[in-house]
Amino acid sequence: MKRQCGMLLPVSSLPSRYGIGAFSKEAYEFVDLLSETGQKLWQILPLGPTGYGDSPYQSFSTFAGNPYFIDLERLTEEGLLTEEECGAYDWGGETDSVSYDKIYEGRFALLKKAYARYDFEGDQGFSEFYDKNRFWLKDYALYMAVKDKNNGLCWSDWEEDIRLREEDAVRKYEAMLEEDIRFYVFIQYMFRTQWMALKKYANEKGIRIIGDIPIYVSFDSVDVWAGPELFLLDKNRIPTAVSGCPPDAFSADGQLWGNPLYDWAYHKKNGYTWWIDRLRAQFELFDIVRIDHFRGFDAYYSIPYGDKTAVNGHWEKGIGIDLFLNIKKQLGEAPIIAEDLGYVTDSVKKLLEDTGYPGMKVLQFAFDSREEGCYLPYNYPQNCVVYTGTHDNDTVSGWYEKLRKEDKETAVAYLNNYHTPQEEIHWDYICCALSSVADTCIIPVQDYLGLDSRARINTPSIPSGNWKWRMEKDAFSEELKKKIKALAGIYGR
């Protein structure tokens, strides 16, 4: 593979007029910036609709898109909204963070106005979109409509007939909530139309999009409600065990994610149809797909349902190479990045080697003596993706400031940067990543901007206060853009 580089920036972190990043003109301007600075890739986080906690890794659907990302300015240009209507809502007073509670209140109210004004009869594309995506969209729209009727409760707390998807109940709710169901189809149509226009613009500029899918789905999702056979659930459709990570040096209690686990025997018997459909849908949205928590396919951590921590969990054997052989059979040599971070066993390494997918290297881990793995650059294979940090890491500047004394001494000696001032330290790590043999290098935008811990996207195991950071408008000066482009050239990317 040719050497290349790009930036990591969630869509939610883009600047925009209405409180959260969207498929707005600022997104197009960011694509222009990537092109101007010699980048070839834009990595984002999952685009699914988020629920409690606002995590893109806990979505109501593995196929649907987040309504928050629909550009209200585009809807205004199309005559579906007015500037006065959009400006009448409080989107939060901070330009560098997202106020999700205010976004929730304002965004859906405006989308309902746009829906009421839309000319469905004059747009054949709407029905074509529904027909093509019916296999997931029909259930999703019904799920969200019923969820709204139940004041946002998880499906497990609904009336038993619709909770269990009895045929009479499904027909009853489809008739009762027909307009609400159509509204949710409309939202997905707007999302898909705007996103595909942005992706087309990026591709024409020579920028490929790296999407991201979680290995697991949320229990509070249409995927579990409509497909209980896919998961390890009891006769009442309650998980028998849930996902997470064991205790380690970073977390004494481990991480309790709480997602239902897959019934891999069913998936295998069914030819992995759900997984194939899932990935095929992702490759319509993205050029490259990063699969989160790749080691879970080799072995997954199973925690008894109802436990408050991950301490009592145990490892179970995963599905292994069979899934990926079927993916290749159905989808060909699909460009996939495997997130293989954390404690990686020999069997995980073998699985990664057998798939041929590039794994990930995080430079911050190289200098943390608590972290197991070969993250120092001299250990990298060419077939990997190197990062200074990911969305789960602190910014380089914030990380370096908190680095333990002995680890900092190792880092300084390795980079031979004894005299670099703290405010410039991020450049040493950026250059270290760019200069490595890794075919692909992705730098989080916060690191190019030299931002401290206040710009951190997510702190794993902390359930609230994450996913809020936003980039300020005009954050990149002309001088900074020139420097980034020069580095891409110097390091042959």
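**The largest cavity and its surroundings**

Modeller: Helix 11 gives the largest share of the lining of the largest cavity, with three residues. The model is predicted, so local features need pLDDT of at least 70 and side-chain atom pairs count only at pLDDT 80 or more, while totals for chains, interfaces and linings use all residues. Residues are numbered from 1 along each chain as its sequence is written, and side-chain values use heavy atoms, with hydrogens and water left out.

In all, 24 residues line the largest cavity, and Pro 46, Gly 48, Ser 61, Thr 62 and Pro 214 are the ones nearest its centre. Two elements give two or more residues to this lining: strand 3 (208–213) and helix 11 (273–285). Helices (H or I, at least four residues) and strands (E, at least two) are DSSP runs, numbered from the N terminus. The volume of the largest cavity is about 190 Å³, and the structure holds five cavities of 30 Å³ or more. A cavity here is a set of points on a 1 Å grid over the protein atoms alone where a 1.4 Å probe fits but cannot get out; lining residues have an atom within 4 Å of a point. Points are joined across faces, edges and corners, and the volume is the space filled by probe spheres set on them.

The loop between strand 2 (41–43) and helix 2 (72–77) holds Asp 54. Its phi is positive, about 65°, although Asp 54 is not a glycine. Most residues other than glycine have a negative phi. Asp 474 also has a positive phi, near 60°, and is likewise a residue other than glycine. Asp 474 sits in the loop between helix 18 (445–448) and helix 19 (478–490).

As for charged pairs, the whole structure has 30 salt bridges, each a side-chain nitrogen of Lys or Arg within 4 Å of a carboxyl oxygen of Asp or Glu. One of them joins Asp 161 to Lys 172, with 3.7 Å between the closest N and O atoms. This pair links distant parts of the chain, eleven residues apart: Asp 161 lies in helix 6 (residues 160–163) and Lys 172 in helix 7 (residues 167–176). Side chains of opposite charge can pair when their charged atoms come close.

Definitions and conventions:
On a 1 Å grid over the protein atoms alone, a cavity is a set of points where a 1.4 Å probe fits but cannot get out, and a pocket is an open set with protein on both sides within 12 Å along at least five of seven lines; lining residues have an atom within 4 Å of a point.
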